[in-house]
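Here is a brief report on one protein chain.

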Amino acid sequence: MTQTPEHLSDELLSRLSEFVAARMGLDFPRERWRDLERGIRSAALAEGGRWSVAEYATWILAAPLTRSQVETLASEFTVGETYFFREYRSFEVLSETVLPELIARRRETGHRLRIWSAGCCTGEEAYSIAILLDRNFPE
């Protein structure tokens, strides 16, 4: 007989969403709460199944977590995939709105524009930015 997975209450998911945003800078709006719940479930299982998912979630909210524990949780909440122009809409906004404004400001001051890709596993994100710059701002 298969067991139905335990679902967390909306109240608990709301508190977890706020916690994750404050501690890790990761955004889990209501429409992504099931992703948040999957991450918590995976982290609870990684702890050896000592707690139910709700107990583990409640513990996370109450415990003074170490940096290592926060990093472990963050790895459960982040995407482990990469490819060129992933999250295409973000690149559109970057190209149409953000970069033109930044480039204009830099031209006024004579400073060079420097770009850092923080979430870069194997390089696709950084190369996507380079391709976008080359295509849209060849200068």
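## Dimensions

The protein chain has a radius of gyration of 20 Å, while a compact globule of 139 residues would have one near 14 Å. The radius is taken over C-alpha atoms, and the globule rule is 2.2 Å times the number of residues to the power 0.38. Along the principal axes, the C-alpha atoms fill a box of roughly 60 × 35 × 25 Å.

This is a predicted model: local features need pLDDT of at least 70, side-chain atom pairs count only at pLDDT 80 or more, and totals for chains, interfaces and linings use all residues. Residues are numbered from 1 along each chain as its sequence is written, and side-chain values use heavy atoms, with hydrogens and water left out.

## Fold and contacts

The protein chain has six helices and zero strands. Its pattern along the sequence is α-α-α-α-α-α. Helices (H or I, at least four residues) and strands (E, at least two) are DSSP runs, numbered from the N terminus.

Residues 24 or more positions apart account for 61% of them.

## Surface and charge

Of the 139 residues, 28% are buried. Buried means under 20% relative accessible area, exposed over 50%, partly exposed in between (1.4 Å probe, protein chains only).

Side chains include 17 positive and 22 negative ones, and the centres of the two sets lie 4 Å apart. Lys and Arg count as positive, Asp and Glu as negative; His and the chain ends are not counted. Charges are placed at NZ of Lys, CZ of Arg, CG of Asp or CD of Glu.

## Val-93

Val-93 lies in helix 5 (residues 88-109). Val-93 counts as partly exposed because its relative accessibility is 33%. Its C-alpha atom is separated by 21 Å from that of Glu-31, 62 residues apart along the chain.

Note on methods. Contact means heavy atoms within 4.5 Å.
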